[in-house]
Amino acid sequence: MTLSLPTSTPTSSEVQTPVVSAADLRDRQDLGFMQAALEQAAHARALGEVPVGAVVVRDGEIIASGFNQPIGRHDPSAHAEIMALRAAAEKLGNYRLPGCELYVTLEPCVMCSGAMMHARLARVVFGATDPKTGACGSVLNLFAQEQLNHHTQVQGGVLAQECGDLLKAFFAERREQLRLKRLQAAAASAEQNPIDD
C-alpha cells in the first residue's frame with residue numbers, strides 16, 4: 001500500500017479556522033475562572049472551613065482571590081466573596097470595582113450580595129445554588145430589586161455539579177466525624193460507668 005503525502009502547503013483560503021463566538025469565548029472564560037474559584041475553595045477545606053472560593057476578574061485577568069475563613073479569623077464577615085472583594089479593592093486602591101466580575105463557587109448570601117452591589121461589580125457568576133441563604137434567586141434575588149441604584153448582572157450554574165459535590169463531600173465528612181465522636185464519647189462513658197450484672 002502506498003501513501004501519498006500532499007506536496008504543497010494549503011493556502012490561507014483552504015485552511016478553515018474554527019469560528020469562536022463571543023458567547024463560546026465567555027463560556028470558556030467562565031469555566032476557567034470558576035475552576036480558579038474551586039481551587040480557592042480547596043484552601044478553605046484544607047483549613048476546616050466550608051469550602052467556598054472566589055476570584056475577582058478585571059479585563060480577563062484574575063486580580064484577587066479569597067476563600068471562606070470565618071472560623072479561623074473569628075470573623076462572621078470573612079466569606080470567600082468578602083475576602084476577594086477586600087483584596088481587589090486593596091489592589092486597585094478603590095472600594096469601587098467597576099468593570100470587575102466576581103466568580104464564586106456558591107450562590108452569595110445577602111451580606112456578600114450587598115457588598116458586591118456597593119463595590120459596583122459588573123457581573124457575578126456563581127456555581128452551586130444555596131437553597132438556605134442564596135440571595136441570587138434561591139431564597140430571594142437581591143440583584144433583581146429595581147429600587148436599588150446599581151444593577152449587577154448575575155449568572156448561576158457554572159460548574160454547579162463540581163461546586164455542589166465539593167460542598168456535599170465536606171458536609172458528609174463532617175457528619176461522619178461527629179458520628180464517630182459521639183460513639184467514642186458513649187464508649188468512654190460506658191467504660192467509666194460499667195453496668196454490673
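The UniProt record, an unreviewed entry, places the feature "binding site" at His79, Cys109 and Cys112; such annotations may be inferred rather than shown by experiment. These residues are spread over 34 residues of sequence, yet they cluster in space, with a largest C-alpha distance of 9.4 Å. The model is predicted, with local features requiring pLDDT of at least 70 and side-chain atom pairs pLDDT 80 or more, while totals for chains, interfaces and linings use all residues. Residues are numbered from 1 along each chain as its sequence is written, and side-chain values use heavy atoms, without hydrogens and water.

His79 is found in the loop between H2 and H3, helices being DSSP runs of H or I of at least four residues and strands runs of E of at least two, numbered from the N terminus. His79 has a relative accessible area of 23% and is partly exposed, whereas Cys109, at 15%, counts as buried (buried is under 20%, exposed over 50%, partly exposed in between, with a 1.4 Å probe and protein chains only). Cys109 lies in the loop between S3 and H4. Among the residues that His79 touches are Phe67, Cys109 and Cys112, a contact being heavy atoms within 4.5 Å.

Cys112 belongs to helix H4 (residues 110-118), whose buried residues are Cys112, Ser113, Gly114, Met116 and Met117. What covers these buried residues includes helix H3 (80-92), strand S3 (100-106) and strand S4 (123-128). Arg120, which follows H4, has a positive phi near 65 degrees.

Key:
Lists of a residue's contacts leave out its neighbours within four places in sequence.
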